[in-house]
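Please open the model in your viewer and keep the selection tool at hand. The stops below each begin with something to select, followed by what is there.

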Amino acid sequence: MRDSRYDILFQPMQIGPVTAKNRFYQVPHCNGGGYRDPSAAAEMRGIKAEGGWGVIFTEQCEMHHTSEITPFIELRLWEDKDIPQLRRMSEKMKTHGGLAGIQLAYSGINGPNLYSKEVPLAPSPLPIRTFTNDPVQARGLSKTEIRDLRRWFVNAAKRSKLAGFDLICLYGAHGFGIFQHFLSRATNQRSDEYGGSLENRSRFVNEVIADMRDAVGDSMGITLRVSLDETIGELGFSNSELRDFIEMNRDLPDLWDLAQGTWEDCSGPSRFKEEAAQEQLVRGIRDLTDKPVVGVGRFTSADTMARMIKSGTLDFIGCARPSIADPFLPRKIEEGRIEDIRECIGCNICITGDMTMSISRCTQNPTFMEEWRKGWHPEKMNAKGDSENVLIVGSGPAGLEAARALALRGYDVAIAEAGTALGGRVARERKLPGLSAWGRVVEYREYQLSQRANVETYFDSRLAAEDIMEFGFQNVAIATGATWRRDGVSRQHVVPMPMADGAKVFTPDDLMDGRVPGGNVVIYDDDHYYMGGVLAELLIQQGAKVTLITPSAFVSDWTNNTLEQATIHARLDEMGVDIVLNRGVTRIEADHVVSNCVYTGKTRNYAADAVVMVVSRSGNDQLYQDLVARQGDWADAGIRSVKLFGDAEAPGPIAWATYAGHRFARELDGADIGDGLPFRREITELAAE
């Protein structure tokens, strides 16, 4: 039963002409599917409806062909032909009494129009602002074109109604939407009635909402997503000016949707942003309007959620990432199952799907975006196959997720862990600077396994092939992780790097084991994800002088996809790390490294008492290879299958490991599909010739 402390979260709330059944509000978020994978995205939203969300929104939906953000893959509502796929989504959203919302976006200064080839339109003529710095400029909207744009929004609203949506969100936050572009002095440099004073800069959004209210306002709620603070000083749309804007237009939308500054500011990872990080920027805004307010802040604690409502700070709890990690979060709170919530760890792997134009993943929830493609449900497993038991060797994220999912299917599961604690790489990495929240990957699965009578865990159990052959398990799952390489092999070096005798070379594993070098330490980062930057912080904290050398043009390059690269660079610079970009390491001597320019090959020496290699990892697959070598003896030993998966098979991010473990559990004892695809997909319909 629900704890009475959380009753307030389940109160119905009015949003214009419609009523949300509770205060759980899944704000718009991308998923890497968009117009390419509409059924996958629809089923994902439908699972959230089943999980109890009162309001469920689409991702950004481009509402007119004159503003699109190719190569990024979002929804589109350009013409009537787009309505059926969106109707499929709205119908899924409403299956359990939730409200279905669509976010209409006109990207303005963020829309390079690489697909449509239209000239971009914005409040003022300025270069296009995108993640890829496209060499394109927008033309300033004429007054006639502003009237056209107002009409396009009305057309999109009418199509949204036909598609079955209850709510419309107008996008004006994160620097991405035309409404923010009009409101901000940084992007609105007009001298007519649409520029200058705050009243003038507010004119466009007032006109659009009035137009849309005339068209659909008697049946659809209209919400406005607006930036809390552009954080660029008086030139931009500041928090104080936002408050003036809301007070001046207190009844403008049916709900105020508040989101911090840039996307990086709003959705920063747990390494840099705590839960409810935007509370101070939101506090007091509720007093300026008679309309409800929703805000975000990677809310994972039911206590924090209730406090935000009871304090009068928010009316709705806005969630994107937490709703991905656990689509059933509201239902679990309602049913008094707080301990069963898969808490978001704030790693931002989900965002990388959008940034890389691929199907998104979640570290905690490996079923995310596989609900339609593979038929995976986050709370339900397929029935057990015809075998009875599984031995899992290794208790890292892959092994733990496999054990959890297999136990739910009904298998008897034994986990053999060589060490004395569960978690593998996560148990070690969570102790590094800023990564403590990642421990939830282990904590959630450890608790779930503790509730299952069909799971046994054996510590201090380093096994050989001979041991496994004697145990009698029908299925053997090898999830023995990976080891960081010491020889420099990665992208720059495909064979071991030259190293002098006496050179002190360390790996991330050494540092996580407590062997931390001092003096002048060079980190050579040819991995390009978080590890190089995190270890630089660790070494600085331990008193070392650190030089980080990377062949990339960015420190921790791939974290551009997790919205933290700029913050990582700034943090390391503030800590005194000497950041050396566009340079590799060609040789390690006893007291220095030889570094080469990646463009010219010119070399330079950097003093080094020690070098930390953050390069590639080798899968720990020897046990698997030993078992395969004895495949002829499997039948006599009662072994039906041996499977290698996770980092032991191919090292990757933690989300790749939990996915691999879950996939193994789902597919055990499954039919052989031969050369068939292991997932469903949608293809573009051919037009008539």
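Helices (H or I, at least four residues) and strands (E, at least two) are taken here as DSSP runs, numbered from the N terminus, and the expected span of a helix is 1.5 Å times one less than its number of residues. This is a predicted model, in which local features need pLDDT of at least 70 and side-chain atom pairs count only at pLDDT 80 or more, whereas totals for chains, interfaces and linings use all residues. Residues are numbered from 1 along each chain as its sequence is written, and side-chain values use heavy atoms, with hydrogens and water left out.

Begin by selecting residues 397-409, which form helix α14; its 13 residues reach 18 Å from the first C-alpha to the last, close to the 18 Å expected at 1.5 Å a residue. Of these 13 residues, 12 are buried, a term that means under 20% relative accessible area, with exposed meaning over 50% and partly exposed in between (1.4 Å probe, protein chains only). Among the buried residues are Pro397, Leu400, Glu401, Arg404 and Arg409. Just after α14, select Gly410, which takes a positive phi of about 110°.

Asp669, which follows α23, has a positive phi near 65°.

Then select Asn110, in the loop between β6 (99-105) and β7 (121-122). Asn110 has a relative accessible area of 8% and is therefore buried. Leaving aside neighbours within four places in sequence, Asn110 is in contact (heavy atoms within 4.5 Å) with residues including Ile69, Ile128, Phe176 and His181. The side chains of Asn110 and His181 are joined by a polar contact of 3.0 Å, that is, a pair of N or O atoms within 3.5 Å; within protein, one must be able to donate a hydrogen and the other to accept it, and residues adjacent in sequence count only if both atoms are side-chain atoms. A polar atom of the Asn110 side chain also lies 3.0 Å from the backbone oxygen of Arg129.

Finish at Asn200 in helix α5 (residues 198-201), where a relative accessible area of 18% makes Asn200 buried. Its side chain makes a polar contact of 2.9 Å with the side chain of Arg203.
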